[in-house]
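Thanks for coming. I have one structure to go through today, and I will take it region by region.

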Amino acid sequence: MNIIKRLRRRTPLGWLQLKREPARLAAAIAGIAFADLLMFLQLGVLSALYATNIQVHEALNADVVLISPQARDIINSGTIPRARLYQAAASSSVASSEAIYLSFLDWKSPGTGRRGSMTLIGVDPYGHALLPNEIAQQLPKLMMPDSGLFDRGSRGDESKLLAIVDHGGTVSAEIQRRTITLVGAFRMGAGFGSDGQIVVSQDTFLHFFPLRSAGSITLGLLRLKPGVDPEPFVAQLTQTMPDDTRVFTKAQFIQFANDWQTKNAPIAFIFGLGTFMGFLMGIAMVYQILSSDVNEHMAEYATFKAMGYSNGYLSGVIFEESIILAGVGFGPGLLIGMGLYFVIHAGTALPIGMTWTRAAGVFLLTLMLSVISGVLAARKVRKADPAEVFA
């Protein structure tokens, strides 16, 4: 209570000094807002990278996943022999098994003529390889040759295509220099490596890739019987599998994809470095503002010292200024960041948006960079010598 009373009685010198120079205050707010915007941009795009990197992984209806040892991410998955899936499915702990084919191919939008790349996912139309009900309920439509389900979250304006499909119609599109009939739609979303997904039957997948052997699958999916713990099963199966196949639980498979992006993909490093650079830029900007303010009021600080005020009190004035700048500058940075996320999502279809955790994290970083700037600027106040100033 005593501290609160003292704060109420305390003259807000920091705020009064900032308010006295509107141009300098505006420059400081703009600098912090820009630094925050840069951090929001880097963190938002990095979050979208991780989200799109595992969206296919999360859609898999499996307890255990078999993949190639050469697999790096969903774009470069490699293949394994289908015989390994049969070998694993022979275990008494396995309830069912399925194979999935994955590849990327050229796509030409039938509505806009726009060319891009899509992820083609080949599944058994009689199976249950993918979790989303929107996909599972439409799998019987894929029994028709060269038919597919289109990702409504794909990049680009496909409103005309989706309007036809949603009303029970079909749309013919060019893919891999062949024709595919789109008979349904689902939502998954675009990524950094492709504009979206198209789900087809395994026979249709192999028709589009005639050089691909049916015995070379991308992923093997195992669903275990109730009560079977996936982790001990994976440890046991790993010991019996040849070196051409790796075994993961679904959670381990997702973690493997994220770890690869973190440790090996340069884009994750670049955006992480961009966030750090935004933090350093904020320190530099705030320090310049506070340092200029200290230099301009050095005589006043020296006078306060001559009157008996301590270095701690005067340093507190600088910290007050830095914290005020952090709070006032964060608001515009947050609002502009939300607007930027909207523009990026509209233009790229990436799953990017403001979250409370990210906003809180950037606010803490803003406070931190402001306090660091205040510490650096307060060093000049401690050097203020009344004898030198008034000599």
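Let me start with a definition: a polar contact is a pair of N or O atoms within 3.5 Å; within protein, one must be able to donate a hydrogen and the other to accept it, and residues adjacent in sequence count only if both atoms are side-chain atoms. This is a predicted model, in which local features need pLDDT of at least 70 and side-chain atom pairs count only at pLDDT 80 or more, while totals for chains, interfaces and linings use all residues. Residues are numbered from 1 along each chain as its sequence is written, and side-chain values use heavy atoms, with hydrogens and water left out.

Serine 154 comes first. With its side chain, serine 154 reaches the backbone oxygen of aspartate 151 at 2.6 Å. The residue sits in the loop between β5 (147-151) and α7 (159-166); helices (H or I, at least four residues) and strands (E, at least two) are DSSP runs, numbered from the N terminus. Is serine 154 buried or exposed? It counts as buried because its relative accessibility is 7%, where buried means under 20% relative accessible area, exposed over 50%, and partly exposed in between, using a 1.4 Å probe and protein chains only. Leaving aside residues up to four places away in sequence, serine 154 touches Met118, Ala190, Asp195, Gly196, Gln197 and Ala349; contact means heavy atoms within 4.5 Å.

Alanine 349 has a positive phi of about 65°, although it is not a glycine. Most residues other than glycine have a negative phi. Aspartate 146, in the loop between α6 (133-136) and β5, also is not a glycine and has a positive phi, of about 55°.

Now the helices. The axes of α11 (residues 266-296) and α12 (residues 298-306) come within 4 Å and cross at roughly 65°. Axes here are lines fitted to C-alpha atoms, for helices over the stretch in contact, and angles run from 0 to 180 degrees between N-to-C directions. Asp293, Val294, Asn295 and Glu296 in α11 meet Met298, Glu300 and Tyr301 in α12.

Last, the interior. A nonpolar core is a set of buried Ala, Val, Leu, Ile, Met, Phe, Trp, Tyr and Cys residues joined through side-chain atoms within 4.5 Å. In the largest one, of 36 residues, Leu66, Trp107, Leu120, Ile198 and Leu222 touch the most other members. Strand β3 (residues 94-108) supplies the largest share of this core, 5 residues.
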